[in-house]
2 protein chains.
Amino acid sequence: MILIEQLKELSYKSPSRIVFLIIDGIGGLPHPETGKTELESAKKPNLNRIASESVCGLIDPVGAGITPGSAPGHLAIFGYDPVRYDVGRGIIEVLGIDMELKAGDIAARGNFCTIDSRGIITDRRAGRISTEKNYELCQILNKIALRGVEVLVTPVKEHRFVLILRGEGLSPELTDSDPQQAGMIPGKIEALSPQARKTAEIANEFILQAGATLKNEPSANMVLMRGFSQRPAIPTIPEIYMLNPAAIAVYPMYRGLARLLGMQILPAGNNIADQVRSLHSHYGNYDFFFVHFKSTDSRGEDGDFEAKVRAIEEVDNALPGMLDLNPDVLVITGDHSTPATLAMHSWHPVPFMLRSKWCRPDEVDEFSERACVAGGLGRFPAVNIMSLAMANALKLKKFGA
Amino acid sequence: MILIEQLKELSYKSPSRIVFLIIDGIGGLPHPETGKTELESAKKPNLNRIASESVCGLIDPVGAGITPGSAPGHLAIFGYDPVRYDVGRGIIEVLGIDMELKAGDIAARGNFCTIDSRGIITDRRAGRISTEKNYELCQILNKIALRGVEVLVTPVKEHRFVLILRGEGLSPELTDSDPQQAGMIPGKIEALSPQARKTAEIANEFILQAGATLKNEPSANMVLMRGFSQRPAIPTIPEIYMLNPAAIAVYPMYRGLARLLGMQILPAGNNIADQVRSLHSHYGNYDFFFVHFKSTDSRGEDGDFEAKVRAIEEVDNALPGMLDLNPDVLVITGDHSTPATLAMHSWHPVPFMLRSKWCRPDEVDEFSERACVAGGLGRFPAVNIMSLAMANALKLKKFGA
């Protein structure tokens with residue numbers, strides 16, 4: 001198999017443009033009454049027309065039977081073997097709140113929680129306090145001073161915040177303090193390697209001071225920390241593919257991943273119509289665009305079949321605005337399936353289509369799970385998508401003489 | 001995945017015969033007016049009939065989106081992972097002019113060129129001098145004597161020749177003298193490692209003497225050298241598969257590759273009809289035949305859609321002569337696609353079919369890109385072809401107890 005390092009040798013710059021529309025959790029399963037999946041149930045004339053002009057297939061994000069998290073699903077789409085590149089969700093969340101993570105920084109996810117007088121956790125999420133309250137509490141925590149490190153506490157949403165420790169010689173090899181269930185006492189953070197001992201002391205000192213500071217807060221009187229991690233060494237999309245890439249994503253986590261991979265983050269507004277407008281405004285300045293659509297996944301996770309169908313129709317309605325730009329290569333797929341009947345991410349292969357002047361169209365004229373089985377690309381690993389897109393954009397040299 | 005070393009453990013000799021017909025660059029793209037590919041446009045009753053009796057599919061020579069050179073494309077077909085086995089084109093060209101390359105020999109490709117009085121290259125190909133002139137100049141160069149090595153200069157075609165340096169302790173880790181464009185002075189050959197220093201001196205001395213010898217030749221007064229390389233350590237087809245293989249290829253480069261892999265080189269004449277006659281004459285003496293058809297690729301690279309269609313029809317016409325022999329296993333495919341619309345090698349999967357008493361035929365009754373999508377083998381890596389062929393020839397033992 002061609003590795004990402006070898007793609008670097010083959011890639012070259014050219015004026016063609018590539019657009020990836022990632023419809024999160026797009027794959028589904030048949031509705032028990034109609035026998036049709038969400039995609040098969042939706043009115044989607046634009047997706048179907050593109051399918052008839054595309055080469056289609058089904059992707060395995062990580063591997064057969066493997067249900068991907070959001071990060072591995074997207075890493076694969078951008079050509080990073082998700083088994084080889086393990087990016088902690090904590091790191092991605094940090095990048096997604098527009099915090100710049102420096103090399104050596106330690107980041108962790110935090111929850112505001114409540115504990116009783118014995119120190120036992122009564123609510124891991126402190127009743128999902130308001131984001132406003134979260135901002136207020138983070139301001140308090142930011143006053144904590146620890147010897148030898150800078151402490152940065154940043155609110156995310158509701159009860160969630162991010163802690164960054166910035167200093168010399170820190171290590172992320174630490175256990176969590178969050179026991180992941182109520183009724184227990186928060187754990188002491190332990191070093192998983194000798195060089196992490198100093199960081200463990202610092203983290204425990206932070207938690208101690210946070211508890212002391214919040215002691216009299218009725219809504220949230222303690223913090224739970226998990227997922228200590230460091231910015232991973234990962235080659236960027238500009239480095240590997242010689243692309244100048246940009247991301248248009250409404251949700252923080254996808255912006256975070258995109259930033260980690262070297263993409264410029266463009267304004268995304270609140271919905272797909274805003275995203276298409278942003279694509280138009282910036283189309284001249286980049287040669288690769290990652291447009292991320294979230295609500296198909298959210299409605300799938302809600303188990304709301306009809307709402308997921310409507311989300312698909314919402315994307316379909318927005319497509320003419322993207323097609324106006326006539327990108328040299330247009331890829332439409334998802335990072336995994338999220339069948340509404342399962343109400344969670346799943347392992348099922350994901351419909352895929354690629355349209356370009358140089359694709360070899362097949363007989364598929366509908367964008368759905370069943371129709372894509374007959375696609376010209378068959379079933380293939382998602383990690384191959386980028387090389388296919390690069391080839392179709394005529395941005396890859398010949399391999400060998 | 002099963003490695004070539006493991007196939008060696010499973011292979012055994014048996015009387016069955018395998019024939020590979022490799023139609024170079026066979027895969028194509030739709031004609032903009034008809035919407036049909038070269039294969040879909042050609043009259044090919046024999047190819048279609050074989051398809052209806054075969055198990056079909058589409059192969060990826062190197063990987064998704066990767067456009068293979070001729071050497072990697074063929075290596076994959078014979079079961080050698082082309083990412084693992086990197087054979088320099090210089091080496092293959094040497095083998096293709098019926099020069100036996102000994103272990104330790106250094107080979108390089110040479111161009112006769114012209115330089116002006118300041119030493120600047122005016123024509124990298126010396127106006128493509130006649131092959132006769134080339135022979136004459138090579139005879140002159142063969143008189144060059146260098147201390148400690150034997151110098152062998154062999155003409156190829158037009159302005160191209162091959163230099164072999166034979167001696168002790170030589171290394172191919174050298175830069176080129178050929179700057180790949182006119183208007184520049186030929187480079188001095190530099191050693192890329194300390195152990196190549198002696199070889200660099202020898203190569204520079206060869207170029208110096210060649211320039212002095214050719215000084216007064218009006219048609220070609222200098223040489224340009226590139227691609228210094230050594231015969232790679234690569235296990236042969238007889239070693240791995242216990243086969244007694246033979247190649248029937250008109251073009252030197254394919255004979256060269258076949259010889260490197262341990263095949264006997266049989267007379268090929270000038271066209272596919274000659275090749276089929278040669279197959280008949282030698283059918284009793286070997287159990288594996290590689291028949292290589294070139295002009296589909298050449299016409300594709302010319303961008304001549306109609307001529308590529310005619311080349312396909314030429315192969316189809318010759319097929320009854322091959323079918324007369326009723327080989328136990330017949331494989332028909334290509335080493336890569338060469339769509340006439342692109343006028344170059346491409347990354348598109350290549351139609352594949354395998355006919356044997358023991359294949360499991362599918363519904364495909366046409367040999368074309370779109371029809372083979374529905375083949376029983378789906379889309380698969382070309383490196384798997386040999387084990388499929390060996391299995392169908394009942395030449396592979398069971399794996400494991």
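Trainee: How many residues of chain A are in contact with chain B, and how many of chain B with chain A?
Mentor: On the chain A side, 27 residues are in contact with 31 residues of chain B. Keep in mind that this is a predicted model.

Trainee: What area do chain A and chain B bury between them?
Mentor: About 2200 Å². Carbon and sulfur atoms account for 65% of it.

Trainee: And how many salt bridges are there across the interface of chain A and chain B?
Mentor: Zero, by the rule used here.

Trainee: Which residues does A:Ser387 touch, leaving out its sequence neighbours?
Mentor: Leaving out residues up to four places away in sequence, A:Ser387 touches A:Leu7 and A:Leu396 in chain A, plus B:Ala64 and B:Gly65 in chain B. A:Ser387 sits in helix 14 of chain A, residues 385-392.

Trainee: Is A:Ser387 buried or exposed?
Mentor: Buried. Its relative accessibility is 6%, and the cut-off for buried is under 20%.

Trainee: Switching to the fold. What is the strand order in the open sheet of chain A?
Mentor: Eight strands, in the order 9-8-10-1-11-12-2-13. The pairing is mixed.

Trainee: Which are the edge strands?
Mentor: Strand 9 (264-265) and strand 13 (379-381) of chain A. Each pairs on one side only.

Trainee: Strand 8 of chain A next. Which strands does it pair with, and in what sense?
Mentor: Strand 8 of chain A pairs with strand 10 of chain A in the parallel sense, over five bridges. There, A:Pro245 stands opposite A:Phe288. Strand 8 also pairs with strand 9 of chain A, again in the parallel sense, over two bridges. On that side A:Ala247 stands opposite A:Ile265.

Trainee: Which helix lies across strand 8 of chain A?
Mentor: Helix 10 of chain A, residues 272-282. Helix 10 lies across strand 1 (18-23), strand 8 (245-249) and strand 10 (288-293) of chain A. Its angle to strand 10 is about 170°.

Trainee: Where do I find antiparallel pairing in chain A?
Mentor: Look at strand 11 (residues 329-333) and strand 12 (residues 350-356) of chain A. They pair in the antiparallel sense over four bridges. A:Ile332 has A:Met353 of strand 12 as its bridge partner.

Trainee: New topic. Where does A:Tyr85 lie?
Mentor: In the loop between helix 4 (70-77) and helix 5 (89-96) of chain A. A:Tyr85 is buried, at 10% relative accessible area.

Trainee: What does A:Tyr85 touch?
Mentor: Beyond residues up to four places away in sequence, A:Tyr85 touches A:Ile4, A:Glu5, A:Leu75, A:Tyr80, A:Ala233, A:Ile234 and A:Pro235. The C-alpha atoms of A:Tyr85 and A:Ala71 are separated by 10.0 Å, and the two residues are 14 residues apart along the chain.

Trainee: Over to chain B. Why is helix 4 of chain B described as largely enclosed?
Mentor: Because eight of its eight residues, 70-77, are buried. Among them are B:His74, B:Leu75 and B:Ile77. Just after helix 4 of chain B, B:Gly79 takes a positive phi of about 95°.

Trainee: Which residues other than glycine have a positive phi in chain B?
Mentor: B:Met242 is one of them, with phi near 60°. B:Asn326 is another, at about 45°. Most residues other than glycine have a negative phi.

Trainee: Where are B:Met242 and B:Asn326?
Mentor: B:Met242 is in the loop between helix 8 (237-241) and strand 8 (245-249) of chain B. B:Asn326 is in the loop between helix 12 (305-323) and strand 11 (329-333) of chain B. B:Met242 is partly exposed, at 29% relative accessible area. B:Asn326 is exposed, at 54%.

Methods:
Residues are numbered from 1 along each chain as its sequence is written. Chains are lettered from A and ligands numbered from 1 in the order in which they are written. This is a predicted model: local features need pLDDT of at least 70, side-chain atom pairs count only at pLDDT 80 or more; totals for chains, interfaces and linings use all residues. Side-chain values use heavy atoms; hydrogens and water are left out. Buried means under 20% relative accessible area, exposed over 50%, partly exposed in between (1.4 Å probe, protein chains only). Contact means heavy atoms within 4.5 Å. Two strands pair if DSSP finds at least two bridges between them. Axes are lines fitted to C-alpha atoms, for helices over the stretch in contact, and angles run from 0 to 180 degrees between N-to-C directions. Buried area is the accessible area (1.4 Å probe) that two parts lose on being put together, summed over both. A salt bridge is a side-chain nitrogen of Lys or Arg within 4 Å of a carboxyl oxygen of Asp or Glu.
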